[in-house]
Amino acid sequence: MYRIVENQIRISVRNLVEFVLRSGSIDNRRSTKVQRDAMLTGSRLHRKIQKQMGSGYQAEVTLRHVVPLGELELILEGRADGILTEPVLATENSEEQPSDRISVTIDEIMVVFMDISKLEEPLAVHLAQAVCYGYIYALQNHLSSAVIQITYCQPDTEEIRRFSQLYSFARLEDEFNSYIREYGKWAQFIFHHRKERNQSLDGIQFPYSYRPGQRNLVIASYRTIQNGETLFLQAPTGIGKTLSVLFPSVVALGQGTADKIFYLTAKTITRSVAMEGLHILRETGAKLSFAAITAKEKLCLMETMDCNPLACPFAKGHFDRVNAAVYDLICQEEEVSREILLSYAQKYQVCPFEMSLDVTYWVDVIVCDYNYLYDPNVRLQRFFSDGEKGAYIFLNDEAHNLVERAREMYSAHLNKEEFLEAKKHYRELPAIVKRIESCNRKLLELKRECDTWRLLPEGEGMGAFVMALEQLYGELMTISDKYPGWISSKEASEFFFHVRDFMNVYEQLDENYRIYTEHGEDGKFWIHELCVNPAKRIRECCSQGTASIFFSATFLPIQYYKELIWGEEEVPAVYVRSPFDSSRRMIGIGADVSTRYSRRNKDEYLRYAVYVEAMLRAKEGNYMVFFPSYRYLQEIMAVVRIPDSYQIAVQETGMTEEDREQFLETFRQKAKPTVGFCVIGGIFSEGIDLQKEALIGVMIAGLGLAQVSPRQEILQRFYSEQGKDGYTFAYLYPGMNRVLQAAGRLIRTAEDYGIILLLDERFLRRDCREQFPVEWSDCRRLKASEAGRQIEEFWENLNRRLTDGQI
């Protein structure tokens with residue numbers, strides 16, 4: 001929206017007027033009404049209209065104007081679509097100046113998907129943009145007046161309608177100054193905030209003594225930011241990765257190397273860690289402002305989330321009040337939490353989620369989910385629209401999650417059954433129903449050609465379906481104009497978004513995609529556009545900033561993540577060994593058990609139960625046991641004998657945030673020891689922090705491999721085609737990462753201790769052990785019959801050494 005360099009703030013004319021003239025309500029009922037301007041679809045029409053305007057018409061005129069605002073300068077920039085200059089015949093004995101003998105028209109062309117015949121006057125924001133251009137041009141060319149013209153064009157019909165009005169220079173100046181006065185207070189705010197922030201960061205020191213290896217992380221991160229490069233960091237949990245990347249990033253803000261920091265995460269818990277790290281830096285004297293973006297569902301103040309003025313008082317007139325709400329908040333608060341957002345939203349009766357997005361303009365650090373940078377449907381357009389680049393630092397926490405998350409963001413899926421359902425939701429619109437039926441017939445043809453699943457090389461055989469879908473999409477986008485009284489239901493809106501996503505992905509198809517159809521386990525017939533390699537898209541997003549750092553405790557093997565996140569293995573990486581005393585923990589590999597499908601029987605379940613019982617008896621405390629699936633978990637629970645002194649916590653499907661917190665609270669309370677039964681790769685296998693006695697043992701059954709499916713088989717084929725070991729890339733690497741994440745729940749700090757049991761004989765294979773951290777070289781080989789004794793010996797030795805003060 002704006003850029004600051006020393007005492008200058010740069011902003012485009014368009015961004016300024018759109019900001020100060022916001023008004024109206026949030027209304028999700030008009031979700032299919034697409035108001036796209038020339039920046040998106042009107043370039044061709046812009047050029048066509050400009051060429052028709054004659055020799056006196058100058059197209060795309062660049063304008064720039066500097067407005068002094070006390071200590072700072074506001075630099076306005078933009079391009080007028082056209083300026084028409086025509087001579088005016090002077091009367092005899094005229095005393096007019098030469099500039100008055102010229103008629104000047106400032107023309108602003110707007111390509112809009114609406115019925116322009118119903119327009120009675122130009123939209124205020126369009127008029128304001130042209131007025132600003134008119135003022136700047138008149139001022140710089142000493143004009144006493146100018147004609148302000150708004151040219152509207154409807155792209156489907158190419159109908160044109162113009163609104164013209166003569167403005168005196170005094171009127172242009174008065175309206176221009178009114179916009180500057182409104183924006184001026186915002187410019188003054190951000191200028192003075194950054195001035196104070198930079199002074200506070202001059203000479204700032206790292207808040208703690210460096211832990212072993214931590215200084216190397218800070219130095220590597222600082223150099224990456226200063227050089228505008230990319231870095232991968234692999235460091236163990238507890239070493240302080242968050243502060244190690246935040247501190248040099250904040251220093252860069254103070255030095256003017258960066259304008260804003262985006263701290264990107266996969267889970268809520270890591271957002272909390274980032275906010276805590278920023279709070280620590282503020283306590284050291286850094287005058288930082290930061291905000292966390294919370295999901296809309298978690299911020300909604302209504303019982304049912306329905307974002308329109310009839311259902312929600314916070315949506316009604318939201319844009320009339322939100323600027324006042326945001327200005328009040330940023331002037332009073334620098335640590336913007338969920339609670340603070342809700343408080344101001346209630347005070348001003350605005351939508352807290354939309355307000356939170358506006359707050360991000362004015363803070364130094366934005367803490368948010370990956371999708372606000374990477375997801376094409378969710379990313380913050382206010383920063384990343386039109387490929388615009390900024391002085392942004394992207395810090396990607398727990399970045400091992402980014403591969404799968406990005407695959408989902410850049411893939412799209414449709415099923416035949418939702419087209420049948422959509423006919424019901426659009427039954428009042430015959431033209432739409434006709435297009436839906438056409439798509440359904442094309443899908444039926446694809447269904448007949450598919451046995452269980454079918455790969456469509458280069459989209460072979462789907463051309464007819466895509467053509468029908470494109471026609472449907474075109475109809476859906478013009479619903480509001482053709483049927484102005486029709487209100488979209490929630491289901492109809494969701495269908496529209498699914499169609500939109502599929503068409504958008506189709507436009508991106510290249511060698512990094514595979515298309516396939518399948519008869520799903522849910523009984524539906526699906527067509528998938530699968531992004532097999534998201535590196536190109538991730539890199540495109542990161543190119544809109546100046547530096548990117550990806551960090552995780554489980555970036556093993558690092559080459560795998562470099563290739564799938566960045567597309568090359570030569571990008572710099574730093575590996576920090578664990579500084580924690582390995583004698584405080586035991587790692588055992590079960591050599592007589594396996595979760596292979598061929599060995600899923602009662603005898604195998606009983607052997608696993610022996611390990612669980614031995615672990616619980618050797619030392620009473622809190623333990624987590626992870627299994628490959630809910631079904632496997634239930635099989636073990638049916639045969640294992642848990643001592644009466646333990647309470648049992650079980651991960652279930654569809655757990656709410658309250659359910660998850662209640663599950664974890666059983667580990668934090670000290671009334672009774674707890675054994676938690678969980679699924680590997682699930683919500684409790686990463687991102688949770690149970691320190692010291694809260695967790696003293698973790699058991700993991702199986703390699704964490706994904707279930708065999710068409711998707712995984714396609715990934716395996718893709719990697720094989722690239723000359724790699726397809727099985728290793730599609731199954732083993734992601735599975736071992738899940739294992740390492742689950743094992744990482746145990747050692748969180750230097751004071752932690754306990755046991756890690758890796759229960760599958762396949763962990764003894766070389767290809768698996770090569771994925772272990774170097775600190776795991778002391779793994780013990782276990783058998784069920786001997787496990788209890790070996791675990792007891794570990795605890796006895798550890799207790800003795802703790803008592804003697806040896807560790």
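This is a predicted model: local features need pLDDT of at least 70, side-chain atom pairs count only at pLDDT 80 or more; totals for chains, interfaces and linings use all residues.
# Helix packing and sheet organisation

Residues are numbered from 1 along each chain, and side-chain values use heavy atoms, without hydrogens and water. Helices (H or I, at least four residues) and strands (E, at least two) are DSSP runs numbered from the N terminus.

**Packing of α9 and α10**

- Helix α9 (residues 318-332) packs against helix α10 (residues 338-348) at an angle of about 140°, and their axes are 10 Å apart; axes are lines fitted to C-alpha atoms, for helices over the stretch in contact, with angles from 0 to 180 degrees between N-to-C directions.
- On the α9 side, Arg321, Ala324, Ala325, Asp328, Leu329 and Gln332 meet Ile340, Leu341, Tyr344, Lys347 and Tyr348 of α10, contact being heavy atoms within 4.5 Å.
- This contact of α9 with α10 comprises seven nonpolar, one polar and three charged residues (Ala, Val, Leu, Ile, Met, Phe, Trp, Tyr, Cys and Pro are nonpolar; Asp, Glu, Lys and Arg charged; the others, Gly among them, polar).

- Helix α15 (residues 416-425) and helix α16 (residues 430-448) have axes 9 Å apart and an angle of about 160°, which makes α15 roughly antiparallel to α16.
- The crossing of α15 past α16 is left-handed; among the contributors to the contact are Phe419, Leu420 and Ala422 of α15 and Val433, Ile436, Leu443 and Leu444 of α16.
- By class, the contact of α15 with α16 has eight nonpolar, one polar and five charged residues.
- α15 also packs with α19 at about 135°, with axes 9 Å apart, and these two helices are therefore oblique to each other.
- The crossing of α15 past α19 is left-handed, and Glu418, Phe419, Ala422 and His425 of α15 meet Glu491, Ala492, Phe495 and His498 of α19.
- Four nonpolar, two polar and two charged residues make up the contact of α15 with α19.

**Antiparallel four-stranded sheet**

- An open sheet of four strands has the order β14-β17-β16-β15, with antiparallel pairing; strands pair if DSSP finds at least two bridges between them.
- The edges are β14 (412-415) and β15 (453-455), and each has a single partner strand, so one side of each lacks a neighbour in the sheet.
- From one strand to the next, the twist averages 15°.
- Three bridges join β15 to strand β16 (residues 513-519) in the antiparallel sense, and Leu455 has Tyr516 in β16 as its bridge partner.
- α16 packs on this sheet, touching β15, β16 and β17 (525-531), and its direction makes about 85° with that of β17.
- Helix α19 (residues 490-508) also packs on the sheet, touching β14, β16 and β17, at about 130° to the direction of β14.

**Parallel seven-stranded sheet**

- Seven strands form an open sheet with parallel pairing, in the order β22-β23-β21-β24-β25-β20-β26.
- β22 (647-650) and β26 (780-782) are the edge strands, each with a single partner, so one side of each has no neighbour in the sheet.
- The twist averages 20° from one strand to the next.
- Strands β21 (residues 623-627) and β24 (residues 697-701) run parallel and are joined by four bridges; Phe626 stands opposite Ile700 in β24.
- Helix α22 (residues 602-618) packs on this sheet, where the strands it touches include β20 (585-590), β23 (674-679) and β25 (754-759); its direction makes about 175° with that of β24.
- Helix α28 (residues 784-804) lies across β20, β21, β25 and β26, at about 155° to β25.

**Aromatic pairs and backbone details**

- The structure holds 51 aromatic pairs, counted for rings of Phe, Tyr and Trp (its six-membered ring) with centres within 6.5 Å, planes under 30 degrees apart being stacked, over 60 edge-to-face and the rest tilted.
- The ring centres of Tyr605 and Tyr632 are 5.2 Å apart and the planes stand at 90°, so this pair is edge-to-face.
- Tyr605 lies in helix α22 and Tyr632 in helix α23 (residues 630-639), so the pair ties together parts 27 residues apart in sequence.
- The peptide bond from Leu556 to Pro557 is cis, with omega near -10°, and Pro557 is in the loop between β18 (547-552) and α21 (558-566).
- Glu60, although not a glycine, has a positive phi of about 50°; Glu60 lies in strand β3 (residues 57-69).

Key: Angles under 35 degrees count as roughly parallel, over 145 as roughly antiparallel, 65 to 115 as roughly perpendicular and the rest as oblique. A crossing is left-handed if the near helix is turned anticlockwise from the far one by less than a right angle, and right-handed if clockwise.
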